[in-house]
Amino acid sequence: MKKIILSLFLFIPLSLYSQLVINEIMPNNVSAVMDDAYNYSMWVEVFNKSTTTSYNQSSYFFTDKLTEPKKWAPSYKIISANGYSVLYFERDERAGHASFKLDPEGGKLYLQNALGQTIDSVKYPPQYRNVSYGRKTDGANEWVFFEQFSPGTTNNGKTRAAVRCANPVFTTTGGFYPSTINVKFANPIGGDTIYYTKNGAEPTRTNSVRYTPGYVITTTSTTLIRAKCISAGKLPSDVVTNTYFIGERNFNLPVVSIVTEQANLYDNTIGLYCDGTNGITGNGQSLPRNYNQDWDRPVNFELY
């Protein structure tokens, strides 16, 4: 009898201990990481802290509410020692995707064992666009925001920050103008740099123009300008977009400007307005077409 009691005593604490942990999450994945279906899904990275033992992730469960334990189990995959697995939490109609979403405004996520016991969890704050939230180093207790997100690879040494750049401020509002206008930005906070594009692309350090405070962007025809603040030691700002209609006819109705990167529409792999090379059949067509895919693409919406 004493042996049975001792066995039960040892079993309980061991069942609550796991080498698998939630290591990094991105609940506000707008245009950063594409999933296995060429969509931008929320994602969660699981890390195996063990240096010797592999684990089958399908033996574990996730939930966002303790009142609903074991809400979803990942598909079969062996996570090797010191290995990673990336799971998608957006489109439950897709095989291998979670049956529930994460909340970009902040929430909780629990990792549970087969008994429904919580073996790891994270309570996360409101999330920034295209910024991940993860353990400062793999498996550590401290959580931070990462500018340099790393799904499926180590968090160690990745760029992180605790504060964020303020959004760029246009001094000339978007809208309708009869002729050439001069567009400027208000001077950013010291140390921040504004980068902008005029081709619909989301600005980065490498694909855009670095704005010099006080510089005038002379606009002679209908133009869209997208801008973002970037700074060392800070998370990037949101992308701010203004459309300038120059010399267009007058409208008696409101006008909508929808802006997105050209690749989102016409790229052979990810474009949803073309035949492309990554499509499926549908709508009575025998040949696969990109525009038959159930894809989402990030856009900026303006109402004038």
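Which residues line the largest cavity? Keep in mind that this model is predicted.

**Stop 1: the cavity**

Select L20, V46, Q57, Y60, F62, P74, I79, L87 and L111. Together they line the largest cavity. Its volume is about 40 Å³. The structure holds 1 cavity of 30 Å³ or more. Color the lining by class. You will find 8 nonpolar residues, 1 polar and no charged.

**Stop 2: the largest pocket**

Now select S31, R129, N130, E202 and K228. Of the 29 residues that line the largest pocket, these lie nearest its centre. The pocket has a volume of about 490 Å³. Next, show β17 (223-230) and α2 (263-266). Each gives at least two residues to the pocket lining. β17 provides the largest share, 3 residues. Color this lining by class too. It divides into 13 nonpolar, 7 polar and 9 charged residues.

**Stop 3: a patch on the surface**

Switch to a surface view. Select V256, I258, V299, F301 and L303. They form a nonpolar patch, with about 510 Å² of accessible area together. Then show β19 (256-259) and β22 (300-303). These are the elements that contribute two or more residues to the nonpolar patch.

Finish on L303, a residue of strand β22. Is L303 buried or exposed? Its relative accessible area is 58%, so L303 counts as exposed, the cut-off for that class being over 50%. L303 is also one of the residues of the nonpolar patch.

Methods: Residues numbered from 1 in each chain as written. Predicted model: local features only at pLDDT ≥ 70, side-chain atom pairs only at ≥ 80, totals over all residues. Heavy atoms only, no water. 1 Å grid on protein atoms, 1.4 Å probe; cavity = no way out; pocket = protein on both sides within 12 Å on 5 of 7 lines; lining within 4 Å. Points joined across faces, edges and corners; volume = space filled by probe spheres on them. Nonpolar A, V, L, I, M, F, W, Y, C, P; charged D, E, K, R; others polar. Patch = residues over 30% accessible without salt bridge, like charges linked within 9 Å, V, L, I, M, F, W, Y side chains within 5 Å. Areas by Shrake-Rupley, 256 points an atom, 1.4 Å probe, with all protein chains shown as cover. Salt bridge = Lys/Arg side-chain N within 4 Å of Asp/Glu carboxyl O. Helix = DSSP H or I, 4+ residues; strand = E, 2+ residues; numbered from the N terminus. Buried < 20%, exposed > 50% of the residue type's maximum accessible area, 1.4 Å probe, protein only.
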